[in-house]
Amino acid sequence: MATDLVKEVESRYLKKKLPEISPGDTVKVKIKIKEGNKERLQAYEGVVIKLHGGGLNKTITVRRVFQGVGVERVFLLHSPKLETIQILRKGHVRRSKLYYLRQRTGKAARIREKLGAPKEIFDTLAVEEPVEIPESQPEPQVEPEVVVETTAEAQPEPPAAE
């Protein structure tokens with residue numbers, strides 16, 4: 001009874017369109033950062049080393065090496081601050097938690113790419129549904145430029161010496 005109520009309240013805040021993320025994937029996460037009264041998007045690119053939780057509390061831990069120092073960041077997948085998640089590579093790993101990457105550097109920290117991954121996975125950029133443009137504002141028509149290639153005219157050959 002109580003779990004049904006929790007699921008009903010959580011369902012309002014769950015994002016509908018999330019890509020299938022798994023450990024070993026290289027992702028680019030764009031998150032909203034507020035500085036003073038301005039808001040901007042900050043991209044964070046790295047390898048997913050851990051999935052945790054479920055429902056509204058589902059998180060991913062993304063690791064990257066910045067200036068020789070390993071940096072890990074935890075992202076709440078259903079957070080309103082999370083703008084987009086883009087999967088750059090699907091990794092082939094045999095564990096669900098990739099903590100062993102913390103002790104490895106350079107080539108030893110590489111993850112094999114999963115062969116045969118469907119390409120539509122990489123097209124899932126937006127987490128939220130795209131905003132539709134009202135039809136009252138038609139897009140401006142841009143005429144294609146016509147490029148005419150000119151070739152140097154053939155110069156007459158000098159008469160052959162006899």
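Good morning. A contact, in what follows, means heavy atoms within 4.5 Å. With that in place, I turn to the structure, which is a predicted model.

Among contacts in the protein chain with a separation of 6 or more, 56% join residues 24 or more positions apart. As for secondary structure, the chain contains 1 helix and 5 strands. Read from the N terminus, the order of these elements is α-β-β-β-β-β.

Next, burial and surface. The protein chain has 162 residues, and 23% of them are buried.

I now come to the largest pocket. The space within this pocket amounts to about 340 Å³. Its lining consists of 19 residues, and those closest to the centre are Val-47, Val-65, Leu-101, Ala-109 and Arg-110.

Which elements supply at least two residues each to this lining? They are β2, spanning 38-52, and β3, spanning 59-66. The strand β3 contributes the most, with 3 residues in the lining.

What is the composition of the lining by class? There are 8 charged residues, 6 nonpolar residues and 5 polar residues in the lining of the largest pocket.

To summarise: the predicted model shows a chain of 1 helix and 5 strands, with a largest pocket of about 340 Å³ to whose lining β3 gives the most residues. Thank you for your attention.

How values were computed
Residues are numbered from 1 along each chain as its sequence is written. This is a predicted model: local features need pLDDT of at least 70, side-chain atom pairs count only at pLDDT 80 or more; totals for chains, interfaces and linings use all residues. Side-chain values use heavy atoms; hydrogens and water are left out. On a 1 Å grid over the protein atoms alone, a cavity is a set of points where a 1.4 Å probe fits but cannot get out, and a pocket is an open set with protein on both sides within 12 Å along at least five of seven lines; lining residues have an atom within 4 Å of a point. Grid points are joined across faces, edges and corners, and a volume is the space filled by probe spheres set on the points. Helices (H or I, at least four residues) and strands (E, at least two) are DSSP runs, numbered from the N terminus. Ala, Val, Leu, Ile, Met, Phe, Trp, Tyr, Cys and Pro count as nonpolar, Asp, Glu, Lys and Arg as charged, and the others, Gly among them, as polar. Buried means under 20% relative accessible area, exposed over 50%, partly exposed in between (1.4 Å probe, protein chains only).
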